[in-house]
Amino acid sequence: MKKIDAHAHVFDHIASMGKAGELRPLGNGNCRWATGEEFRIIPEGCGDKEYLVESFLKVMDEHDIEKAILLQGVLYGLQNEYAMECAEKYPDRFKAAVMLDPFCRCAQQILDRFINELGAHIFKFEVSVGGGLSGYHQDFILDGPVMTPLLDRIAEVDDATLVLDIGSPSMSSCQPEAVYRIAEKYPNLNIVVCHLLAPSLSDGHALACALPYLAHDNVWVDLSALPWNVAPEAYPYPTALEYIRMAKDVLGEKKIIWGTDSPCVLTKFDYKSLYSFIEESDVFDSEELEDVFYNNAVDAYHLA
């Protein structure tokens with residue numbers, strides 16, 4: 001079965017900033033936040049202080065992954081130029097997103113350069129409290145005055161996709177109502193919401209309440225890092241499968257996209273397990289699996 005990993009990251013250096021301050025690379029894939037917390041960010045043997053596109057290509061080839069979407073992640077630090085260079089170097093394998101901090105005084109200038117010079121068509125905003133902008137900025141409304149000028153400009157780009165990581169239901173950044181308003185305002189703009197809202201084992205009710213706001217013609221959800229978010233539940237992650245089934249019932253199977261959130265998830269999970277738990281379940285039939293693993297990403301990210 002053809003597959004597109006619609007949520008992956010590569011980076012040539014670590015330059016992170018988050019709710020725990022700056023992230024210092026220690027080598028051999030390990031890092032330390034300014035708070036003192038240490039953790040592994042790169043799978044052992046896959047990089048020292050970097051996770052290069054060639055390392056990810058090796059993983060993709062081992063698992064017959066045809067293409068991937070290279071998204072930005074605050075956890076690694078913004079890698080806009082590197083990601084776009086990777087997509088240019090391997091155009092048949094990758095399409096890359098850009099991201100900027102909307103609180104930058106030069107935000108509009110930065111966005112214009114990304115569009116006019118880098119040729120960006122995918123625009124990621126990781127706004128979650130846990131690993132994004134809301135971790136080191138005051139709370140802000142996703143379609144409020146900080147973001148609106150940027151969203152207006154992005155909506156002018158042909159075949160643009162807006163990617164939003166709004167965090168988990170318990171976070172102030174989780175604003176599905178704002179996603180609905182954005183979808184209504186910009187009907188020609190494709191929108192992908194990451195991690196199926198990153199629900200934990202106890203977030204079933206909150207997810208059920210949020211999903212109807214995402215039921216829109218131009219909105220998709222990706223399934224990346226679901227096993228991570230329902231930890232410590234073991235394979236085949238029955239709660240994750242329950243959440244996917246909920247999404248299918250509310251959004252329809254054509255609005256669900258598979259992805260992994262590599263590489264950090266690979267420090268705890270085998271890459272194969274991140275797709276086999278879905279393939280081996282009864283949530284989707286064979287035709288629906290082709291949509292979830294391939295066709296829906298083609299539609300959401302204008303890959304055709």
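Predicted model: local features only at pLDDT ≥ 70, side-chain atom pairs only at ≥ 80, totals over all residues.
1. **The eight-stranded sheet.** Start with the open sheet of eight strands. Its order is E1-E6-E7-E8-E9-E10-E11-E12, and the pairing is parallel. Strand E1 (4–8) and E12 are the edge strands. Each of these two pairs on one side only.

2. E1 and strand E6 (residues 67–70) run parallel and are joined by three bridges. To find the place in the model, look for Ile4, which stands opposite Lys67 in E6.

3. **The four-stranded sheet.** There is also an open sheet with the order E2-E3-E4-E5. Here the pairing is antiparallel. Strand E2 (17–18) and strand E5 (38–40) form the edges, each pairing on one side only. Strand E4 (residues 30–33) is joined to E5 by three bridges, and the two run antiparallel. Within this pair, Cys31 has Phe39 of E5 as its bridge partner.

4. **Two helices side by side.** Look next at helix H3 (residues 107–116) and helix H4 (residues 148–155). Their axes come within 10 Å and cross at roughly 15°. An angle under 35 degrees counts as roughly parallel, so H3 is roughly parallel to H4. The crossing is right-handed. On the H3 side, the contact is made by Ala107, Gln108, Leu111, Asp112, Ile115 and Asn116. H4 contributes Pro149, Leu150, Arg153 and Ile154.

5. **The main core.** In soluble globular proteins, nonpolar side chains tend to be buried together. In this model, the largest nonpolar core has 96 residues. Phe56, Phe123, Phe125 and Ile191 have the most contacts inside it. Helix H8 (residues 238–251) supplies the largest share of this core, with seven residues.

6. **Phe56 and its surroundings.** Which residues does Phe56 touch, leaving aside neighbours within four places in sequence? The contacts are Asp5, Ala8, Val10, Tyr51, Ala68, Leu70, Phe94, Ser262 and Tyr271.

7. **A second core.** A separate core has 16 residues. Among them are Ile69, Ile122, Tyr294 and Val298.

8. **Two cis peptide bonds.** One joins Ala231 and Pro232, with omega about 10°. The other runs from Tyr235 to Pro236, with omega near 10°. Pro232 is found in the loop between helix H7 (226–229) and H8. Pro236 lies in the loop between H7 and H8 as well.

9. **Positive phi at Leu196.** Leu196 has phi near 50°, a positive value in a residue other than glycine. The residue lies in the loop between strand E10 (190–193) and helix H6 (204–210). Is Leu196 buried or exposed? Its relative accessibility is 0%, so Leu196 counts as buried.

10. **Positive phi at Asp261.** Asp261 is not a glycine either, yet its phi is positive, about 75°. This residue is found in the loop between strand E12 (256–257) and helix H9 (273–279). Buried means under 20% relative accessible area. Asp261 has 16% relative accessibility and therefore counts as buried.

Definitions and conventions. Residues numbered from 1 in each chain as written. Heavy atoms only, no water. Core = buried A, V, L, I, M, F, W, Y, C linked by side-chain atoms within 4.5 Å. Buried < 20%, exposed > 50% of the residue type's maximum accessible area, 1.4 Å probe, protein only. Contact = heavy atoms within 4.5 Å. Pairing = 2+ DSSP bridges. Axes fitted to C-alpha atoms, helices over the stretch in contact; angles between N-to-C directions. Parallel < 35°, antiparallel > 145°, perpendicular 65-115°, else oblique. Left-handed = near helix turned anticlockwise from the far one by under 90°.
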